[in-house]
Amino acid sequence: MPTIDIDTYAADGYHTLPGLLRAEDTRRALEFFDAFDAAEQVAAGYEAEYDQADGLRRLRKLRRLLWNDPALWGPMLNRAGVTELARTVVGENAAVVFHAAFLKPALVGTEVALHQDQALWTYTYPKAFSVWTALTPVSPANGGLFGCPGSHAGGTLEHRDRPHYRWHACLDVAEDGLSEPVQFELAPGDGVMWDRHFAHGSAANTSADDRRGMVVVFADASDPEFRAKDSFPIADLAALGRD
């Protein structure tokens with residue numbers, strides 16, 4: 001299991017996870033997403049989204065990875081130790097509620113405005129946290145990934161629509177009184193985990209290099225408030241093994 005300091009995570013709302021994913025698994029994940037990016041059509045079950053500009057059309061997002069291919073992703077997640085991490089943070093009744101790829105393609109990859117995940121989700125996910133894993137280098141040079149330490153402490157903040165941003169309502173560091181964002185500089189295989197109320201985002205990718213990553217979200221399925229479109233109990237995830 002990745003080593004974390006629970007007190008630091010509770011205070012900051014996030015924790016870095018260096019070397020989370022093995023090199024071979026990072027390569028396999030990249031090959032999987034590259035093949036989908038090159039495909040003329042993606043199966044509807046992946047709920048694909050695209051970025052496009054100046055004649056380029058590139059894959060932006062894929063959803064429901066674990067549900068579409070548990071034989072591939074289940075063992076990979078188990079080898080990364082995130083199943084045990086979920087037991088530590090959430091408990092034995094943790095379940096995966098999201099597993100998605102964020103692919104921010106070169107030249108046309110669009111901004112993801114500052115937001116809290118819980119504010120955008122349809123359902124309340126008690127104790128939820130995300131594990132975001134880099135599959136390529138991640139830095140401000142290719143759109144990066146950033147977040148505001150301590151932004152989780154006040155619960156869900158009011159998000160507002162912005163005329164320049166079409167994807168979802170969002171936050172503003174100054175207007176919402178948030179701390180200055182920290183940039184996560186990640187090598188392939190490195191991860192970051194964050195609380196469901198941690199404000200985070202990323203810039204547009206105008207570089208010549210793709211910035212690829214994937215995220216898995218766990219929540220407490222035993223909580224009376226728990227509702228989910230998709231739910232994959234960690235007992236079922238662990239049963240998929242590591243090989």
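1. Let me start with Arg-212, which sits in the loop between β10 (200-202) and β11. The model you are looking at is a predicted one. Is Arg-212 buried or exposed in it? Arg-212 counts as buried, since its relative accessibility is 1%, and the cut-off for that class is under 20%. Beyond its close neighbours in sequence (up to four places away), Arg-212 touches Leu-30, Asp-34, Asp-37, Arg-58, Phe-102, Leu-103, Trp-132, Thr-133, Ala-134, Leu-135 and Thr-136. Both Asp-34 and Asp-37 are worth a look here, as they are among the residues that Arg-212 touches.

2. Next comes β11 (213-220) itself. Eight of the eight residues of this strand are buried, so β11 is largely enclosed by the rest of the structure. In a regular strand the side chains alternate between the two faces of the sheet. Here Gly-213, Val-215, Val-217 and Ala-219 point one way, while Met-214, Val-216, Phe-218 and Asp-220 point the other way. Do look at Asp-220, which is buried along with the rest of the strand.

3. Which strands pair with β11? One is β4 (residues 94-102), which pairs with β11 in the antiparallel sense over eight bridges. In that pairing, Ala-100 has Val-215 of β11 as its bridge partner. The other is β6, joined to β11 by six bridges and also antiparallel. On the β11 side, Gly-213 stands opposite Ala-134.

4. By class, the lining of the largest cavity has nine nonpolar residues, two polar and no charged.

5. The largest pocket has a volume of about 910 Å³. Of the 38 residues that line the pocket, Lys-61, Arg-63, Phe-102, Asp-117 and Trp-121 lie nearest its centre. Elements that each supply at least two residues of the lining include β2 (49-53), β3 (56-62), β5 (112-115) and α6 (117-120), and β11 is also one of them. Which element gives the most to this lining? That is β4, with five residues. The lining of the largest pocket divides into 17 nonpolar, nine polar and twelve charged residues.

6. A word on aromatic rings: the count comes to 16 aromatic pairs. Trp-121 counts as buried at 16% relative accessibility, and Tyr-125 counts as buried at 3%. Elsewhere, ring pairs link Phe-32, Phe-33, Phe-36, Tyr-46 and Trp-73 into a cluster.

7. Finally, please have a look at Thr-83, which has its place in helix α5 (residues 82-89). Thr-83 is buried, with a relative accessible area of 4%. Setting aside neighbours within four places in sequence, its contacts are Leu-77, Asn-78, Ile-234, Leu-237 and Ala-238.

Notes
Residues numbered from 1 in each chain as written. Predicted model: local features only at pLDDT ≥ 70, side-chain atom pairs only at ≥ 80, totals over all residues. Heavy atoms only, no water. Helix = DSSP H or I, 4+ residues; strand = E, 2+ residues; numbered from the N terminus. Nonpolar A, V, L, I, M, F, W, Y, C, P; charged D, E, K, R; others polar. Buried < 20%, exposed > 50% of the residue type's maximum accessible area, 1.4 Å probe, protein only. Pairing = 2+ DSSP bridges. Contact = heavy atoms within 4.5 Å. Phe/Tyr/Trp six-rings, centres within 6.5 Å; stacked < 30°, edge-to-face > 60°. 1 Å grid on protein atoms, 1.4 Å probe; cavity = no way out; pocket = protein on both sides within 12 Å on 5 of 7 lines; lining within 4 Å. Points joined across faces, edges and corners; volume = space filled by probe spheres on them.
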